Amino acid sequence: MDEVTQAVENLKKEWSQAVSQLEESIAAIKSCGKSGKGTEEANSLPRLNGSAQDALQLLKSLQFRLDLLAQQLPTFEEVQSGQATLESWDEQYKKLRASLRNANLQAKENIRKATQEERELLLGGGEESTIRRRNLQTKAGMTSAAESITESLRRSRQMMVQEVERSASTLATFDESTSVLRKAEGEYQGHRSLLMRTRGLLSMMQRQDVLDRVILTVGFTIFSLAVLYVVSRRIGLLTLQRKLAVAIRSGSLSAEDIVAKAQPGPAAANVPAPAPPIYDEL
């Protein structure tokens, strides 16, 4: 059985015991004053009410603890069952509180009647009345001291119950904070692995960027050299054409010479040699 489920079962047992104790206190309060001892029972009424209030406080504490545990049950059906149990406990708590209020009203009425009968008996006079008066005073003093001690113990117990409830609430808060921290740690581990992968991708992209830069630089350099080579060759041809044109215009080179130079060597042998220049001696 799951720990939370076992804790819920223990709460149900504690609830049954507390309800039984409260019902006994309510029955004692309701019968208070019926025995004819109005003064003594009037002094014991606060003690009985204190015990009943402690039981009510315990029931309220059990409701609070069940509300915390119901949300932590492992299955949805158990959560629904826990919520239904909590609602039934709330209804039962309201009924017990109303029963306690009605029992107090009944006890006050009984005590009033018993006190009235005692007063009539004491005012009747005689030795029996005197002895009864002294006994009542002695019992009243002892009962008052006992009630004072009981009230002090009840306050101490109530303070201890409040401290226990506060400690339980603090522990529940700590458990919730621990679960939140564990969840945050898991998310951090996931983000950490994602960041590591992202860092690897960024490093790869940086290396690829450097490689692309090198390739672009080399390609641009080769392209520039090719352009320079083409331009230089083009400029050389234009210069040669310009020189030939100038030579042709000046007459120092004829078109036949240009054709002869352009033809292969054997073919050039069939071309008659130019006549030697004739100089006029006169």
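The legends below describe close-up views of a predicted model of one protein chain.

Residues are numbered from 1 along each chain as its sequence is written. Because the model is predicted, local features need pLDDT of at least 70 and side-chain atom pairs count only at pLDDT 80 or more, while totals for chains, interfaces and linings use all residues; side-chain values use heavy atoms, with hydrogens and water left out.

**View 1. The protein chain is built of six helices and zero strands.** Helices (H or I, at least four residues) and strands (E, at least two) are DSSP runs, numbered from the N terminus. Along the sequence the pattern reads α-α-α-α-α-α. Of the 282 residues, 20% count as buried, where buried means under 20% relative accessible area, exposed over 50% and partly exposed in between (1.4 Å probe, protein chains only). Contact means heavy atoms within 4.5 Å. Among contacts between residues at least 6 apart in sequence, 74% join residues at least 24 apart.

**View 2. Helix 1 carries the highest confidence in the protein chain.** Helix 1 (residues 3-30) has a mean pLDDT of 86, pLDDT being the predictor's confidence in each residue, from 0 to 100. The helix has 28 residues, and the distance from its first C-alpha to its last is 40 Å, close to the 40 Å expected at 1.5 Å a residue. That expected span is 1.5 Å times one less than the number of residues. Its buried residues include V4, V8, L11, W15, L22, I26 and I29.

**View 3. W15 and W89 form the one aromatic pair of the structure.** Rings of Phe, Tyr and Trp (its six-membered ring) pair if their centres lie within 6.5 Å; planes under 30 degrees apart count as stacked, over 60 as edge-to-face and the rest as tilted. The ring centres of W15 and W89 are 4.3 Å apart and the planes stand at 0°, so this pair is stacked. Because W15 belongs to helix 1 and W89 to helix 3 (residues 76-122), the pair ties together parts that are 74 residues apart in sequence. W15 is buried, at a relative accessible area of 3%, and W89 is also buried, at 5%. Leaving aside residues up to four places away in sequence, W15 touches L59, L62, Q63, W89, Q92 and Y93.

**View 4. The largest nonpolar core has 29 residues.** A nonpolar core is a set of buried Ala, Val, Leu, Ile, Met, Phe, Trp, Tyr and Cys residues joined through side-chain atoms within 4.5 Å. W15, L22, I29 and L59 touch the most other members of this core. Helix 1, helix 2 and helix 3 each supply at least two of its residues.

View 5. K94 pairs with D90, their closest N and O atoms being 3.6 Å apart. K94 is partly exposed at 48% relative accessibility, as is D90 at 25%. R213 counts as exposed at 54%, whereas D209 is partly exposed at 37%.

**View 6. N102 of helix 3 is shown with K30.** The C-alpha atoms of N102 and K30 are separated by 8.0 Å, although the residues are 72 apart along the chain. N102 is partly exposed, with a relative accessibility of 48%.

**View 7. Helix 6 has the lowest confidence in the protein chain.** Helix 6 (residues 265-269) has a mean pLDDT of 47, whereas the mean over the protein chain is 77. Residues 267-271 stay under 50, with one contact beyond four places in sequence. Residues 275-282 also stay under 50, with zero such contacts. Where pLDDT is low, the predicted coordinates should not be read in detail.

Note on methods: Salt bridge = Lys/Arg side-chain N within 4 Å of Asp/Glu carboxyl O.
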